[in-house]
Amino acid sequence: MSSGCRICGGKLHEFLDMGKQPSANGFIDPAETSDEFQFRLALGTCVGCGMVQLVEEVPQERRYHENYRYHASGSVLHRRHFENEAGRLLGAELNGSDPFIVEIGCNDGVLLSTVAEAGIRHLGVDPSTNVVELARSRGVRAVTEFFDAGLGESLRDEHGHADVIFGANTICHIAHIDSLFRGVDALLAPSGVFVFEEPYLGTVLDHKAFDQIYDEHVFYFGVASVAAMAERFGFELVDVERTPLHGGEIRYTLARRGARSVRDSVGALLAEEQAAGITDPGTWRRFGLEIDNIREELTRLLRRLSSEGRRVVGYGAPGKTSTVTNYCGIDSDLLPFVCDSTRSKQGLLIPGSHIPVLPPEAFSNPYPDYALMFAWNHADEIMAKESEFTASGGHWIRYVPEVRID
Ligand code: TYD
Ligand code: ZN
């Protein structure tokens, strides 16, 4: 049950209930489908600080473990993006004498491998042993831990202050945000920056990207709510920038209060959020109705295609696939399989909906009539790779921001 806002203790106003759902990256073995873990996927906004967050949560040990299926280096888009980001940090922040960067949630080393190649002192922190092994194989120094207050202090004692603490698609996953900030406070140098890049609430709203909502995303950050969170913990939001991953994220730069001047970008995005009514309850009531419509249209379309004898399969098994299939009630009768290039997901089932995940070769053997694009944030890369599919008469189905056939 909800015990209030994880940041300020305020009351949560629940505005969306997506029903019982599994842990989205909890892919399961076909032999072990009984007793699957479930929780109620619901969102609320804090009446005190405005932070949108899950009402109920899944324990972090269940989400991040020795077999975490998400690999950040899984696409060219991601690899290039983090190479650029590492380059930017090396040029702008890690240019003093013996600089040091810590990444919270370093995953397979997609960012830190570039830092390591530049010979800069770094440390990755990630609770999932399998991805940490991958990072190490790329020359990245990393420890298998959850980042919290105690770890921040012990890292400072061992390595000294960090000039940059970085996180990508990680900070919004961490429910113990208070302890995290105390750890950042202990570890960060007086003039250092805490930079994180996370899914954006505004994108969820604009793209009707309801499939960004799942257990791992405990918080749904916006500029106003992150500014309030920073202030609460003694920091200041000094810069924001839109970045392209996952359909549109924001990179937040926090510094110690008063340590840096605040860029105009912060005020500009705050004004945009206000104009969009991002914190108005009415906005999210409408969002709930809109995604109900998407659910109806998508299931109607899949049923019609099935009754006409058309073959439809899914493309991509990101965390999103779990939310969509479970929220819409799409099972293996409607969608016999999804294909995904991540080896560790292949041969397993999408949690909850139990749709099998097959390797990409299954897609062309033979091509289906329609393919439902779950990895829509990688659509350009995938559609270019699978151009034969459309050339041979196949069609892509999209479901955000609306159901359409291309
Ligand atoms: P991603 O959007 O990065 O992650 P999530 O939504 O879980 O945070 O996941 C993209 C998924 O799509 C990932 O499982 C790999 C898969 N994929 C393919 O199967 N083929 C491809 O060409 C690409 C780019 C991704
Ligand atoms: Zn709050």
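Mentor: Keep in mind that this is a predicted model. We can start with helix H8 (residues 223-232), where Val223, Ser225, Val226, Met229 and Ala230 are buried.

Trainee: What follows H8?

Mentor: Gly234 does, and its phi is positive, near 90 degrees.

Trainee: You mentioned some strands. What order do the strands have in the open sheet of seven?

Mentor: The order is E6-E5-E4-E7-E8-E11-E10, and the pairing is mixed.

Trainee: Which strands stand at the edges there?

Mentor: Strand E6 (142-143) and E10 do. Each has a single partner strand, so one side of each is left without a neighbour in the sheet.

Trainee: How does E6 attach, then? What joins strand E5 to E6?

Mentor: Two bridges join E6 to strand E5 (residues 121-125), and the two strands run parallel. Gly124 has Ala142 in E6 as its bridge partner.

Trainee: Is E11 parallel or antiparallel to E8?

Mentor: Antiparallel, over seven bridges. Phe194 has Leu254 as its bridge partner in E11.

Trainee: How many of the residues of E11 are buried?

Mentor: Eight of the eight, so E11 is largely enclosed by the rest of the structure.

Trainee: Which strands does H9 lie across?

Mentor: H9 lies across E10 and E11, running at about 70 degrees to E10. Helix H5 (residues 149-159) lies across strand E4 (100-104) and E5, at about 155 degrees to E5.

Trainee: Give me one residue to look at. Where is Ala162 found?

Mentor: In strand E7 (residues 162-168). Ala162 has a relative accessible area of 0%, so it is buried.

Trainee: What is Ala162 in contact with?

Mentor: Leaving aside neighbours within four places in sequence, Ala162 is in contact with Phe100, Val102, Leu187, Leu188 and Ala189. Ala162 and Pro99 are 63 residues apart in sequence, and their C-alpha atoms are 7.4 Å apart in space.

Trainee: New topic. Which residues coordinate the zinc ion (ligand 2)?

Mentor: Cys5, Cys8, Cys46 and Cys49 do, each through SG, at 2.3 Å. Along the chain, the donors follow the spacing C-x2-C-x37-C-x2-C.

Trainee: Is Cys46 buried or exposed?

Mentor: Cys46 is buried, with a relative accessible area of 4%. Cys8 is partly exposed, at 24%.

Trainee: What geometry does the site of the zinc ion (ligand 2) have?

Mentor: It is tetrahedral, with angles of 95 to 117 degrees among the four donor atoms. For four tetrahedral donors, the ideal angle is 109.5 degrees.

Trainee: Back to sheets. What order do the strands have in the open sheet of six?

Mentor: E14-E13-E12-E15-E16-E17, with mixed pairing. Strand E14 (357-358) and strand E17 (404-405) stand at the edges, each with a single partner strand, so one side of each is left without a neighbour in the sheet.

Trainee: Which helix packs on that sheet?

Mentor: Helix H10 (residues 281-307). H10 touches strand E12 (312-315), strand E15 (370-373), strand E16 (395-398) and E17, and its direction makes about 150 degrees with that of E16.

Terms used: Residues numbered from 1 in each chain as written. Chains lettered and ligands numbered in written order. Predicted model: local features only at pLDDT ≥ 70, side-chain atom pairs only at ≥ 80, totals over all residues. Heavy atoms only, no water. Donors = N, O, S within 2.8 Å, 3.2 Å for Na, K, Ca; no water. Tetrahedral: all angles 85-135°; square planar, octahedral: opposite > 155°, others 65-115°. Buried < 20%, exposed > 50% of the residue type's maximum accessible area, 1.4 Å probe, protein only. Pairing = 2+ DSSP bridges. Helix = DSSP H or I, 4+ residues; strand = E, 2+ residues; numbered from the N terminus. Contact = heavy atoms within 4.5 Å. Axes fitted to C-alpha atoms, helices over the stretch in contact; angles between N-to-C directions.
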